[in-house]
Protein chains: 2
Amino acid sequence: MALIVQKYGGTSMGSTERIAQVAKRVAKWARAGHQVVVVPSAMSGETNRLLGLAKELAPSHVTRDYFRELDMLASTGEQVSVGLLSIALQAQGQPAVSYTGWQVPIRTTSAYTKARIESIDDQKVRADLNAGKVVIITGFQGIDEAGNITTLGRGGSDTSAVAVAAALKADECLIFTDVDGIYTTDPRVVPEARRMASISFEEMLEMASLGSKVLQIRSVEFAGKYRVPVRVLSSFTPWDIDVAVEAKSGTLITFEEHEQMEHAVVSGIAFNRDEAKISVFGVPDRPGIAYQILGAVADANVEVDVIIQNVSKDGKTDFSFTVPHPDLARTMELLKDKVVPELGAADVVGDPRICKVSIVGIGMRSHAGVAAKMFRTLSEEGINIQMISTSEIKTSVVIDEKYMELAVRALHRAFELDMPGVTA
Amino acid sequence: MALIVQKYGGTSMGSTERIAQVAKRVAKWARAGHQVVVVPSAMSGETNRLLGLAKELAPSHVTRDYFRELDMLASTGEQVSVGLLSIALQAQGQPAVSYTGWQVPIRTTSAYTKARIESIDDQKVRADLNAGKVVIITGFQGIDEAGNITTLGRGGSDTSAVAVAAALKADECLIFTDVDGIYTTDPRVVPEARRMASISFEEMLEMASLGSKVLQIRSVEFAGKYRVPVRVLSSFTPWDIDVAVEAKSGTLITFEEHEQMEHAVVSGIAFNRDEAKISVFGVPDRPGIAYQILGAVADANVEVDVIIQNVSKDGKTDFSFTVPHPDLARTMELLKDKVVPELGAADVVGDPRICKVSIVGIGMRSHAGVAAKMFRTLSEEGINIQMISTSEIKTSVVIDEKYMELAVRALHRAFELDMPGVTA
């Protein structure tokens, strides 16, 4: 018998028919002898509907009091889901009980709309599990010290599920999604892409932040901090597949050292074409220039991703970074009007037609030549590298966006990710 | 400066446009220097939508665990309303804060779907009022001792509003509805029917239970118990009418003895055509026959209204009572198959074509001849009286339903209810 936390997304909870399917799947796990805690999202579309109503009433409000009311409003979506799922389970003869975040309670900070979980009381939940009930807990929300309802921000139900699993020291946290696991790269780009049976926590962090948006990044961080084994699997398989089979499906995000040892050098290829490149040329190389450029950009609330500064030549250096596409125009304006003149730089150039391709793998730490193999592969395809950035477990390059598919496919092949048995 | 509780129904909260109108009306009262607490219902249709989803998942569930989940589900409707109304007030520059039942907290019994309020903590609410905020509290719901969400049953928001007003010792509780007050009788039957400026608590109880369904009866009982002045008024007047004018509009349900003294003998005419009459003839007159007949009816969950048993003659008596129309057939079956044979009664006859007409008035207590005047009026119109039942402040007759409008109009005229200045 294991203690399993299961998280279901909004699509899985999208109608009473689908909720009945979720209930059948959950009841199957309970019948197989497991203790099950479920964390469902709001029915798909519901959170947007509620926030849309607020927007109609207050198109441009941003006060703390307003954010408090948004949380009051948005948290009802998950409350409806837990009530309905509990009813569906009871109707199928499975004893069940639902709790809101404040009932558990799940204590959070007071940062409305982006609160962070501080602690979870497991007392009620354990008592119900021991009494043979499935326990259903609202995702996405909690309660602050003063008794206000808070929410964790978009995708927060993933984080709730992992946090509940951590508090209960669950054996595994199953995240049911509309994909059947984490792939070596996007199968729409590389048909040979393979599902990984497991991936290390660190690799998952890099894959997620680089665009494989299966899990909310914060939930992965949470899983890492508390060493919660998380499995990403599909909610679109038939509900009655065998529990033993389902328990091994999807992709397990793992923290086991020995599995990392057996790991392939490169686990996956991530890519992102939502960024644009900005280069400031002929910057006088003196202390503080990075801050002068990026401080102004950050003040304008633009998120910067890759940052490259090369060694200087003749006391001048070139400084490049990437920003989200929608922020390119105003960032360029800001630099041209203010930063470049103040800095005494020669010129600033923006380019929206770029993409970032990254190879990710724990194995890179201890294997020389992985980056070199990446660069050679791209060179053989005639792809020019514009920027390079590296970390312990990933190497990213910025290239012309028209070469993206070509690059991803070539790298997937070069690192033998399409060969069965290599990964995991 | 007064402390005013305002309740708005689901129709008034039916869309963001209407919520914005409610916010303007509330803000107007706050600007006029009053402390305002608002208790809104769920947006119209929302509670039915939520319970409909539950019904789809569990068509015939009736366990306590199921009712707990219904409350979990249904309580979200009011939570959405308070959040939206608070946002609308803030958008109009009026500081506001919303609370759910459990946040106040409003403590109730554990009877899910029909809980009763036990206590209300006024601490938070007072602090916010003193800080210049409008306080918005979810109607219809509370929290039980174990921390479960409970609801008060249909129309429970009226009761919540009155209970909040009682806890805060509010100067008045304004119930905004789709009618502009309590009338001497239904204006659709008697065009000359007049709005009463005030009505006593006891009369309101009789009027409400007799079919003038403006206020949930429980809220009137609550108002009586705690002597909360309740005003029923229209939410369809323009929001910007003067506060002083609005404060005197509608109908005040009052507990002032001196107003009762000045009161007219008869305040209003109530009627009900939703009942059917059943007579059991030739019942042996011995102890326990009323129980034998009505006990069996009650066991079948049929609600009995008027009950008449006349003095016996030759050791036999006749026994009559009324039941809701939909219950006539099965009650007749029950009596014929079981009760009448056991009782040794002669016969049982059912008649669905009846109606009940009642005159209601505190003044009847001390005025002889009021009932006689009622009977004479009906006699002059050639209307035969089938049953008579009296209480301290009302006299009801059961007559053929085809005479209902005629009887109501004749009585309305006979007791001079259409004459200005007579009532209140």
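## Close-up views of a two-chain model

View 1. Arg49(B) is found in helix α2 of chain B, which covers residues 46-57. Helices here are DSSP runs of H or I with at least four residues, strands are runs of E with at least two, and both are numbered from the N terminus. This is a predicted model, in which local features need pLDDT of at least 70 and side-chain atom pairs count only at pLDDT 80 or more, while totals for chains, interfaces and linings use all residues. Residues are numbered from 1 along each chain as its sequence is written, chains are lettered from A and ligands numbered from 1 in the order in which they are written, and side-chain values use heavy atoms, with hydrogens and water left out.

Leaving aside residues up to four places away in sequence, Arg49(B) touches Glu46(A) and Arg49(A), where contact means heavy atoms within 4.5 Å. Arg49(B) also forms a salt bridge with Glu46(A), and the closest N and O atoms are 4.0 Å apart. A salt bridge is a side-chain nitrogen of Lys or Arg within 4 Å of a carboxyl oxygen of Asp or Glu.

**View 2. Where chain B meets chain A.** Here 47 residues of chain B are in contact with 47 residues of chain A. The two chains bury about 3,500 Å² between them, 64% of it on carbon and sulfur atoms. Buried area is the accessible area (1.4 Å probe) that two parts lose on being put together, summed over both. How many salt bridges run between chain B and chain A? The count is two, and one of them is the Arg49(B) to Glu46(A) link.

**View 3. Two aromatic rings, Tyr8(B) and Phe176(B).** The structure holds eleven aromatic pairs over all chains. One of them joins Tyr8(B) and Phe176(B), a stacked pair with 4.6 Å centre to centre and 5° between the planes. Rings of Phe, Tyr and Trp (its six-membered ring) pair if their centres lie within 6.5 Å; planes under 30 degrees apart count as stacked, over 60 as edge-to-face and the rest as tilted. This pair links distant parts of the chain, 168 residues apart: Tyr8(B) sits in strand β1 (residues 3-8) of chain B, and Phe176(B) in strand β9 (residues 172-177) of chain B. Tyr8(B) counts as buried at 1% relative accessibility, and Phe176(B) counts as buried at 1% as well.

View 4. Four strands of chain A form an open sheet in the order β15-β16-β14-β17, with antiparallel pairing. Two strands pair if DSSP finds at least two bridges between them. Axes are lines fitted to C-alpha atoms, for helices over the stretch in contact, and angles run from 0 to 180 degrees between N-to-C directions.

β15(A) pairs with β16 (residues 316-324) of chain A in the antiparallel sense over three bridges, and Ile308(A) stands opposite Ser320(A) in β16(A). Helix α10 (residues 289-299) of chain A lies across β14 (275-284), β15 and β16 of chain A, at about 25° to β16(A). Helix α11 (residues 328-343) of chain A lies across β14, β16 and β17 of chain A, at about 5° to β14(A).

**View 5. Helix α13 of chain A.** Which residues of α13 (residues 404-414) of chain A are buried? They are Met404(A), Ala407(A), Val408(A), Ala410(A), Leu411(A) and His412(A). The buried residues of α13(A) pack against β13 (268-272), β18 (354-360), α12 (370-380) and β20 (394-400) of chain A. Just after α13(A), Glu416(A) takes a positive phi of about 55°.

**View 6. A hairpin in chain B.** Strands β19 (residues 385-390) and β20 (residues 394-400) of chain B pair in the antiparallel sense over five bridges. β19(B) and β20(B) form a hairpin with three residues between them. Met387(B) has Val398(B) in β20(B) as its bridge partner.

Methods: Buried < 20%, exposed > 50% of the residue type's maximum accessible area, 1.4 Å probe, protein only.
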